[in-house]
Amino acid sequence: MTNSYLLRLLVLSIFFLSNGFAEELSKIEKDKRHIVSRMYQATYGMLQICPDKEVDSFKRIIENFEKTYPEFSKLLNESPYHQYAVDNMVIDIARERKKSDESRMLQCSFGKSITQSLISTAGGQKSVSDMLEKLQK
């Protein structure tokens, strides 16, 4: 395995395993909200940050992700935590859109890379499988 591949898997693991929820939710609900929020952040949230010239290519990656994982995508989009995820990104998106295309390109590339790795790597596929299992509870 290459160092960049290992780094991506490490970042992906940290990205999806970090925790910071209110205590009033059960562990299962915390996990669900976290998954929905992070997936929105990595896909549609990052898409809105991308420079205009990168939007179409990122949209194709997201479409491929949704075709690859239709049940997972449906659960994300229909989750009661979906709007929470959208609302939590509004300020970040507005702030980031004010930055230069060059600065936003780094974040855009990160989002594209994470989304693509969820489709095309064994570790990414396992991550989606694990997240799907939690969302189905």
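I began with Lys74 and Glu78, whose side chains meet in a salt bridge with 3.8 Å from N to O. This is a predicted model, so I read every value as computed. Both residues lie in helix H4, which spans residues 70–78. Lys74 and Glu78 sit four residues apart, about one turn of the helix. I then looked up the accessibility of Glu78. Glu78 counts as exposed because its relative accessibility is 55%, and the cut-off for exposed is over 50%.

Next I asked for the total. How many salt bridges does the count come to? The count comes to eleven. I followed up a few of them.

I went to helix H2, residues 27–49. There the side chains of Glu29 and Lys32 meet in a salt bridge, at 3.5 Å from N to O. Why are Glu29 and Lys32 separated by about one helical turn? They are three residues apart in helix H2, so about one turn lies between them. I checked how each partner is placed. Lys32 is buried, with a relative accessible area of 12%. Glu29 is partly exposed, at 24% relative accessible area.

I moved on to helix H5, residues 82–97. Arg95 forms a salt bridge with Asp92. Their closest N and O atoms are 3.1 Å apart. Arg95 and Asp92 both lie in this helix, three residues apart, again about one turn. Are these two residues buried, partly exposed or exposed? Arg95 is partly exposed, with a relative accessible area of 42%. Asp92 is partly exposed as well, with a relative accessible area of 26%. I then traced the partners further. Salt bridges that share partners join Asp92, Arg95, Glu96 and Lys99 into one network.

Last, I looked at Glu54. Glu54 lies in helix H3, residues 52–68. Is Glu54 buried or exposed? Glu54 is buried, because its relative accessible area is 15% and the cut-off is under 20%. I wanted to know what Glu54 touches. Leaving out residues up to four places away in sequence, Glu54 touches Met105, Cys108 and Lys112.

How values were computed: Residues numbered from 1 in each chain as written. Predicted model: local features only at pLDDT ≥ 70, side-chain atom pairs only at ≥ 80, totals over all residues. Heavy atoms only, no water. Helix = DSSP H or I, 4+ residues; strand = E, 2+ residues; numbered from the N terminus. Buried < 20%, exposed > 50% of the residue type's maximum accessible area, 1.4 Å probe, protein only. Contact = heavy atoms within 4.5 Å. Salt bridge = Lys/Arg side-chain N within 4 Å of Asp/Glu carboxyl O.
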